[in-house]
Amino acid sequence: MATESAWDVHEGVAFPRGYRVEITDGRIIMTPQGENQSDVILEVAPQIKAQLAGQGRVFFDVMVDFPSSLYGYAPDITIVAPGAEHNSRGRYEWHDLEAVLEVELRARQDGDFVKKLNFYAECAIPLYVVIDPSSALCTIHSSPQPEGVYAVSEVVPFGENLVLPLEGREIVIDTKGFPRD
């Protein structure tokens with residue numbers, strides 16, 4: 001039987017457009033999306049898609065099923081492993097993900113952000129990348145540990161290449177054009 005999804009409770013709910021909707025600890029959190037967030041996503045997604053060359057898929061703002069009814073995320077950008085298939089709900093699951101990239105301003109990296117960071121590590125998401133236009137930095141979190149932490153964090157300033165080591169290949173993202181707050 002499939003794991004219950006946090007999204008199941010909200011099946012049929014029409015969330016307002018222009019907001020990031022997340023479920024953390026069973027609470028719905030809606031955050032308005034800014035122009036810079038949109039600009040970064042539109043800059044990054046095509047670079048990833050071109051380099052994947054059919055070896056995996058890239059999505060933005062697409063619901064993913066996680067192994068908890070208390071957490072539901074639709075990451076800014078998700079890289080799905082080659083060969084992954086939709087579950088019975090028509091969604092990908094946490095174990096299908098090779099990387100999650102999110103545009104998060106340092107000012108918004110609060111307790112809910114920390115819970116998400118820890119949850120992604122618990123779920124063994126191999127890479128969690130935070131792109132922060134306010135500090136002009138990208139942080140690559142890797143080597144997830146079962147206790148809910150990433151053992152390695154690497155900071156890459158805007159203007160340098162952001163290298164994502166995926167299984168058997170790597171993606172190189174040019175950050176020169178990333179907007180800054």
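I searched the whole structure for salt bridges and found five. I counted a salt bridge where a side-chain nitrogen of Lys or Arg is within 4 Å of a carboxyl oxygen of Asp or Glu. The model is predicted, so local features need pLDDT of at least 70, side-chain atom pairs count only at pLDDT 80 or more, and totals for chains, interfaces and linings use all residues. Residues are numbered from 1 along each chain as its sequence is written, and side-chain values use heavy atoms, with hydrogens and water left out.

**Glutamate 98**

I looked up glutamate 98 and found a salt bridge with arginine 169, the closest N and O atoms being 2.6 Å apart. Glutamate 98 lies in strand S7 (residues 97-103) and arginine 169 in strand S12 (residues 169-174), so this pair ties together parts 71 residues apart in sequence. Helices (H or I, at least four residues) and strands (E, at least two) are DSSP runs, numbered from the N terminus. Glutamate 98 is buried, at 8% relative accessible area. Buried means under 20% relative accessible area, exposed over 50%, partly exposed in between (1.4 Å probe, protein chains only).

**Lysine 116**

Next I checked lysine 116. Glutamate 102 forms a salt bridge with lysine 116, and their closest N and O atoms are 3.0 Å apart. This pair links distant parts of the chain: glutamate 102 is in strand S7 and lysine 116 in helix H2 (residues 111-122), 14 residues apart. Lysine 116 also meets glutamate 104 in a salt bridge, at 3.6 Å from N to O. Here glutamate 104 sits in the loop between S7 and H2, 12 residues from lysine 116.

Lysine 116 is buried at 2%. Glutamate 104 is buried at 5%.

**Cysteines**

How many disulfides does the structure hold? I found zero. A disulfide would be a pair of cysteine sulfur atoms within 2.5 Å. I also looked up the accessibility of two cysteines. Cysteine 123 counts as buried, at 8% relative accessibility. Cysteine 138 counts as buried too, at 0%.
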